[in-house]
Amino acid sequence: MLLNLASNKTSATTPLIGVFSVCLLQYIGKWYEIQKLPTNFQKGECGTATYSPKSPGVIGVFNRELLKDGTINSIAGSAKVKNPEEPAKLEVSFNGTPPGPYWVLSTDYQGHSLVYGCQEFGVFRGELAWILSREPTLPDETLEELHSILNAAGVDASKMCWSGCI
């Protein structure tokens, strides 16, 4: 069963609304990046995110990806719960960057996680989304369900690109 955090629609000024909790201790461990919205800061493939406990409401984040030249690109940071009443909405930062939204829209902890973030920069809007899995692949049915959550929230899931490593 998928736990859904998304509301029906979102706009540039209306964020997704959380309706469930995320247990950070169950979220800890390695996740494989299956699909993502294209970004200017992630250019590789075979991406992974490894989460580790730091303190109550805070987890360490270690992201890795394989670049086209065969080298590994990695970055470390942390994610923290901004408001204890909305524990599925985290803020993530890397190497002193300003925190950005990292909202867990759906997870079953053992199989999949759907993450979304959106920030406004004047007239520009930056939308991020990742589909993660505990394994390097994910069943088509699960992908379809996660795409439907994004679409229902007003995010065009057809723009998701494959980033996994099979």
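Lys89 is buried, at 12% relative accessibility. Its side chain meets that of Glu86 in a salt bridge, with N and O 3.4 Å apart. Glu86 is partly exposed, with a relative accessibility of 31%. The model described here is a predicted one. Its protein chain has 166 residues, of which 42% count as buried.

**Salt bridges**

- The structure holds 3 salt bridges, one of them being the pair Glu86 and Lys89.
- Lys82 and Glu91 form a salt bridge, and their closest N and O atoms are 3.7 Å apart.
- Lys82 counts as exposed, because its relative accessibility is 61% and the cut-off for exposed is over 50%.
- Glu33 and Lys36 form a salt bridge, with 3.6 Å between the closest N and O atoms.
- Both Glu33 and Lys36 are buried.

- Glu65 belongs to strand β3, which covers residues 58-66.
- Glu65 is buried but takes part in no salt bridge.
- The nearest side chain of opposite charge to Glu65 is that of Lys36, at 4.6 Å.
- This pair does not count as a salt bridge, because the distance is 4.6 Å and a salt bridge needs a nitrogen and an oxygen within 4 Å.
- Lys36 does form a salt bridge with Glu33.
- The side chain of Glu65 reaches the backbone nitrogen of Lys43, at a distance of 3.5 Å.
- Apart from neighbours within four places in sequence, Glu65 is in contact with residues including Phe41, Gln42, Lys43, Gly44, Glu45, Cys46 and Gly47.
- Thr71, Ile72 and Asn73 are also among the contacts of Glu65.

**Leu66, next in strand β3**

- Leu66 is likewise found in strand β3.
- Leu66 is partly exposed, with a relative accessible area of 26%.
- With neighbours within four places in sequence left aside, Leu66 is in contact with Gly44, Glu45, Cys46, Thr71 and Ile72.
- Cys46, Thr71 and Ile72 are also among the contacts of Glu65.
- Leu66 and Gly47 lie 19 residues apart in sequence, while their C-alpha atoms are 6.8 Å apart in space.

**Positive phi angles**

- Most residues other than glycine have a negative phi.
- Cys46 is not a glycine, yet its phi is positive, at about 55 degrees.
- Cys46 lies in strand β2, made up of residues 45-55.
- Cys46 is buried, with a relative accessible area of 17%, and contacts both Glu65 and Leu66.
- Tyr109 also has a positive phi, near 70 degrees, and is a residue other than glycine.
- Tyr109 is found in the loop between β6 (100-107) and β7.
- Tyr109 counts as buried, at 11% relative accessibility.

**A nonpolar patch on the surface**

- Phe121, Val123 and Phe124 form a nonpolar patch on the surface.
- Together these residues have about 400 Å² of accessible area.
- Phe121 lies in strand β7, which runs over residues 112-121.
- Phe121 counts as partly exposed, because its relative accessibility is 49% and this class lies between 20% and 50%.

- Leu150 lies in helix α2, formed by residues 140-152.
- Leu150 is buried, at 0% relative accessibility.
- Neighbours within four places in sequence aside, Leu150 is in contact with Leu105, Leu114, Ala129, Val155, Ala157 and Met160.
- Leu150 and Ala129 are 21 residues apart along the chain, and 8.7 Å separates their C-alpha atoms.

**The chain as a whole**

- The protein chain contains 2 helices and 9 strands.
- From the N terminus, its elements follow the order α-β-β-β-β-β-β-β-β-α-β.
- Among contacts between residues at least 6 apart in sequence, 49% join residues at least 24 apart.
- The accessible surface of the protein chain is about 9000 Å², and 57% of this belongs to carbon and sulfur atoms.

Notes
Residues numbered from 1 in each chain as written. Predicted model: local features only at pLDDT ≥ 70, side-chain atom pairs only at ≥ 80, totals over all residues. Heavy atoms only, no water. Helix = DSSP H or I, 4+ residues; strand = E, 2+ residues; numbered from the N terminus. Buried < 20%, exposed > 50% of the residue type's maximum accessible area, 1.4 Å probe, protein only. Lys, Arg positive; Asp, Glu negative; His and termini not counted. Polar contact = N/O pair within 3.5 Å; in protein donor to acceptor, adjacent residues only side chain to side chain. Contact = heavy atoms within 4.5 Å. Patch = residues over 30% accessible without salt bridge, like charges linked within 9 Å, V, L, I, M, F, W, Y side chains within 5 Å. Areas by Shrake-Rupley, 256 points an atom, 1.4 Å probe, with all protein chains shown as cover.
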